[in-house]
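Dear colleague,

I am passing on the structure we spoke about, and my notes on it follow below. Please read them with the coordinates open beside you.

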Amino acid sequence: MNNSKVAILLAEGFEEAEAIIIFNALCRVKIDVELLACQNNLVVSSYHKVNMEAHALLKDRETTLYDAIILPGGPDGTINLGSNPDVISFIQLHDEARKWICPICSAAVKVLNKNKLLHGRRYVCSGDLYKTANDGIYVDQDIVLDENLFSGRGLGVAFKFAFTLAELLQLDKKEIRFQAEHIYVNY
């Protein structure tokens, strides 16, 4: 039985497909995943204006330590995450506790780099956003692991990102492979 607990941070404008694919894949391998709204309302509107109801508000979980926190992309979502002091404090709390910090798509640059939270670690992000970053070392790969920072290029690698995170959380690789094969994902 796995006892890992993961939070996915949702801010207005988040990339809904990244959040839902990662949520779905992690739930399939029996990880406890909590969607946290980074605002004062549980209903968060996504990049494509899909309303999603989070499980809890970030402000009600600000001292809860998760094994990993996931930062989905989305042009406005990452701007909103990166400019929210509660989100930054939450990331810092987890980083200091050596928990997994997991940005995907633009979140590595628009949230972590913006707030000097890459700390010189290697990362990947979408497009050419890395050209504006000065806090970490960009690596041109689908997923990149450096210390407790685990980043993904974007939506196209969301399943690989989720299943690799499950491995990092020390889940049974046979179960991960079974779930990946069950949904026809080359992992």
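Residues are called buried when their relative accessible area is under 20% and exposed when it is over 50%. The model is a predicted one, which should be kept in mind throughout.

I began with helix α3, which runs over residues 85–96 and spans 16 Å from its first C-alpha to its last, close to the 16 Å expected at 1.5 Å a residue. Its buried residues are V87, I88, F90, I91, H94 and D95, and because they cover an arc of only 160 degrees around the axis, they lie on the same side of α3. The face turned away from that buried side carries the exposed residues P85 and E96, while the buried residues pack against β1, β2, β6, α2, β7 and α4.

As for the two ends of this helix, a side-chain oxygen of N84 comes to within 2.8 Å of the backbone nitrogen of D86 at the start of α3, and the helix is followed by R98, whose phi is positive, near 65 degrees.

Leaving aside residues up to four places away in sequence, I22 touches I8, I70, I104, A158, F161 and A162.

Key. Residues numbered from 1 in each chain as written. Predicted model: local features only at pLDDT ≥ 70, side-chain atom pairs only at ≥ 80, totals over all residues. Heavy atoms only, no water. Contact = heavy atoms within 4.5 Å. Helix = DSSP H or I, 4+ residues; strand = E, 2+ residues; numbered from the N terminus. Expected span 1.5 Å × (residues − 1). Buried < 20%, exposed > 50% of the residue type's maximum accessible area, 1.4 Å probe, protein only. Arc of directions from axis to C-beta. Polar contact = N/O pair within 3.5 Å; in protein donor to acceptor, adjacent residues only side chain to side chain.
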